[in-house]
Amino acid sequence: MYKATSTCDWIDIVEKNQVHEVVKDQEETEKVNVLVIENEEAIRCLLTDILTSDGHKVASASNGVDALEIFNQEPFDLVLTDLGMPVMSGWEVANAIKELAPEVVIAIITGWGSQFDPGELKKNGVDIVVNKPFRVNQILNLVQEAREIKNGTGRGEETPRISPP
């Protein structure tokens with residue numbers, strides 16, 4: 001049972017327990033290193049909790065500039081970035097990371113809807129789009145899909161996937 005003691009105290013205790021119930025149901029899989037970039041602390045904490053509860057190593061940043069500093073310090077398999085952020089947009093983050101490490105899977109999280117041109121997504125280095133609000137299972141499935149893309153067993157160079165809202 002959780003006590004409200006972390007920077008993610010805003011998350012209702014019931015929601016945290018639901019995260020662990022969903023994670024407990026996931027089969028054991030290879031863990032990945034994830035960089036979460038989200039300017040809204042509540043969402044950043046929730047994503048971090050979901051991913052760490054499933055055993056993944058997670059680093060987080062509140063903006064793209066800080067994220068690039070973190071990215072340059074250690075290897076990541078997956079970058080999960082908000083689209084609309086101050087300082088540096090998710091598009092700019094995706095482009096910068098793909099220039100540094102083209103093999104890293106980039107997922108954009110957005111509340112702006114799913115009306116994106118697949119060609120534009122690919123051109124900007126985006127592999128997956130996740131719409132807000134998202135569910136715990138969507139994030140866990142995203143990790144699996146990112147692993148498949150990185151290992152060459154997934155969609156490869158196909159059109160980026162846009163998850164339903």
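Trainee: What should I know about the model before we start?
Mentor: Residues are numbered from 1 along each chain as its sequence is written, and side-chain values use heavy atoms, with hydrogens and water left out. Since it's a predicted model, local features need pLDDT of at least 70 and side-chain atom pairs count only at pLDDT 80 or more, while totals for chains, interfaces and linings use all residues.

Trainee: How many bridges join S1 to S2?
Mentor: 5, and S1 and S2 (residues 57–61) run parallel. Strands pair if DSSP finds at least two bridges between them. Val36 stands opposite Ser60 in S2.

Trainee: And S3?
Mentor: S1 runs parallel to S3 (residues 78–82) too, joined by 4 bridges. Leu35 has Val79 as its bridge partner there.

Trainee: Switching topic, what does Leu35 touch?
Mentor: Leaving out residues up to four places away in sequence, its contacts (heavy atoms within 4.5 Å) include Ala59, Phe71 and Leu80.

Trainee: Which residues touch the most other members of the largest nonpolar core?
Mentor: Leu35, Ile37, Phe71, Val79, Ile97 and Val104, out of 25 residues. A nonpolar core is a set of buried Ala, Val, Leu, Ile, Met, Phe, Trp, Tyr and Cys residues joined through side-chain atoms within 4.5 Å.

How values were computed
Helix = DSSP H or I, 4+ residues; strand = E, 2+ residues; numbered from the N terminus. Buried < 20%, exposed > 50% of the residue type's maximum accessible area, 1.4 Å probe, protein only.
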